[in-house]
Amino acid sequence: MDKVAYLGPDGSYSGIAAEKFRPQAEYLGYTSFDLVIKALLEGECNLAVLPIENSLNGGVNQNIDLLQYTDGLIAFEDLSVEIDHRLAIRSGADMAKITRIFSHRQALEQCGQYLAKNFPHARLMGAPSTAAGLDMIEYDTDACIVGAHTKREGITISPYNIADEKSNRTHFLLIKKGGVEDCKPSKKMYFSATCPHKPGELLNMLSIISTGGLNMSKIESRPVKDKPGEYRFFIEIDGNCFSERVKSVLKKVENASSSFKILGAY
């Protein structure tokens, strides 16, 4: 049976993704994404779940960096989970008296307008996950942003989605130890590349993808660590990792890049 590591505790969106990836498995919740990856590397589990992008906030930079800077890992499956944020309070508490609101940083950001309008004086308190924020509620003056699926005795959640944008999804990747050769035929490839710091080099790299007839479905950039002013580009393309055409195009991209790494085939 698979052992799947995710950002816990039970009830987190990462936990929901883990169950969707592997409906029958042993699920292991950890308190940080670093510990999730450490568990995978040390053999405590054989699979790990990472949220990689949110439709409102964009890339989850911490996890993009974990994929980039950790050797021997490959993303081999992906899925999208609908995010439905609700306000949770102690049953019977007066919402007008809320002074602290806990949740994961991204959830607080995604509900920012609602919180500013309805709780302008409340302190927004970061938590490792939405589910972990629920454990921080101590008093009737505390609240938390959680998923609509949350159920806990003594806790009441709002009957409506409080996110500023109701159409909100998070893209998750399923990670294992290995390389692209350990993946199944894929629909998408995910890789990173840096360009020589010269005019036109990024255009040259993207032209290789275009002239190779491959569709680029996503591109984003992250600063290169310890190299101010230089950026690494994270690119997703449509393509089968075992296609000779795809392999040829990616080889040309690699040759035109200062650094290159395949991060996923799913």
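**View 1. Helix H1 and its buried residues.** In this predicted model, the buried residues of helix H1 are Tyr13, Ser14, Gly15, Ile16, Ala17, Ala18 and Phe21. That makes 7 of the 9 residues of H1, so the helix is largely enclosed by the rest of the structure. H1 spans residues 13-21 and gives two or more residues to the lining of the largest pocket. Pro9 sits in the loop between strand S1 (3-7) and H1. The peptide bond from Gly8 to Pro9 is cis. Its omega is near 5 degrees.

**View 2. The largest pocket and its lining.** The volume of the largest pocket is about 410 Å³. Its lining is made up of 24 residues. Nearest the centre lie Phe33, Pro51, Val60, His104 and Gln106. Several elements give two or more residues to this lining: helix H1, strand S3 (47-54), helix H3 (61-69), helix H4 (105-110) and strand S11 (169-177). The largest share comes from H4, with 5 residues. Sorted by class, the lining has 14 polar, 8 nonpolar and 2 charged residues.

**View 3. Strand S11 and its two partners.** S11 pairs with S3 in the antiparallel sense, over 6 bridges. S11 also pairs with strand S5, residues 73-82. That pairing is antiparallel too and runs over 9 bridges. Asn54 has Thr170 of S11 as its bridge partner. Ile74 has Lys176 of S11 as its bridge partner. S11 is mostly covered, with 7 of its 9 residues buried. In a regular strand, side chains alternate between the two faces of the sheet.

View 4. Thr170 is a residue of strand S11. Its relative accessibility is 8%, so Thr170 counts as buried; the cut-off for buried is under 20%. The side chains of Thr170 and Asn54 are joined by a polar contact of 2.9 Å. Asn54 is also the bridge partner of Thr170. Leaving out residues up to four places away in sequence, Thr170 touches Pro51, Glu53, Asn54, Leu79, Ser80, Val81 and Ile83. One of these, Pro51, is among the residues nearest the centre of the largest pocket.

View 5. Cys111 lies in the loop between H4 and helix H5 (112-118). Cys111 is buried, with a relative accessible area of 0%. Asp71 is 40 residues from Cys111 in sequence. In space, the C-alpha atoms of Cys111 and Asp71 are 35 Å apart.

**View 6. Glu236 in strand S14.** Glu236 is found in strand S14, which spans residues 231-238. Glu236 is charged by class, yet it is buried, at 6% relative accessible area. A polar contact of 2.8 Å links the side chain of Glu236 to that of Ser217. Beyond its neighbours within four places in sequence, Glu236 is in contact with His171, Lys188, Met189, Tyr190, Asn215, Met216, Ser217, Lys218 and Tyr266.

**View 7. Pro223 in strand S13.** Pro223 belongs to strand S13, which covers residues 216-223. Pro223 is partly exposed, with a relative accessible area of 48%. Neighbours within four places in sequence are set aside for its contacts. Pro223 is then in contact with Glu230 and Tyr231. Thr194 is 29 residues away from Pro223 along the chain. The C-alpha atoms of Pro223 and Thr194 are separated by 10.0 Å.

**View 8. Asp226 in the loop between S13 and S14.** Asp226 lies in the loop that runs between strands S13 and S14. Its phi is positive, about 65 degrees, although Asp226 is not a glycine. Asp226 has a relative accessibility of 79%, so it counts as exposed; exposed means over 50%.

Methods: Residues are numbered from 1 along each chain as its sequence is written. This is a predicted model: local features need pLDDT of at least 70, side-chain atom pairs count only at pLDDT 80 or more; totals for chains, interfaces and linings use all residues. Side-chain values use heavy atoms; hydrogens and water are left out. On a 1 Å grid over the protein atoms alone, a cavity is a set of points where a 1.4 Å probe fits but cannot get out, and a pocket is an open set with protein on both sides within 12 Å along at least five of seven lines; lining residues have an atom within 4 Å of a point. Grid points are joined across faces, edges and corners, and a volume is the space filled by probe spheres set on the points. Helices (H or I, at least four residues) and strands (E, at least two) are DSSP runs, numbered from the N terminus. Buried means under 20% relative accessible area, exposed over 50%, partly exposed in between (1.4 Å probe, protein chains only). Two strands pair if DSSP finds at least two bridges between them. A polar contact is a pair of N or O atoms within 3.5 Å; within protein, one must be able to donate a hydrogen and the other to accept it, and residues adjacent in sequence count only if both atoms are side-chain atoms. Contact means heavy atoms within 4.5 Å.
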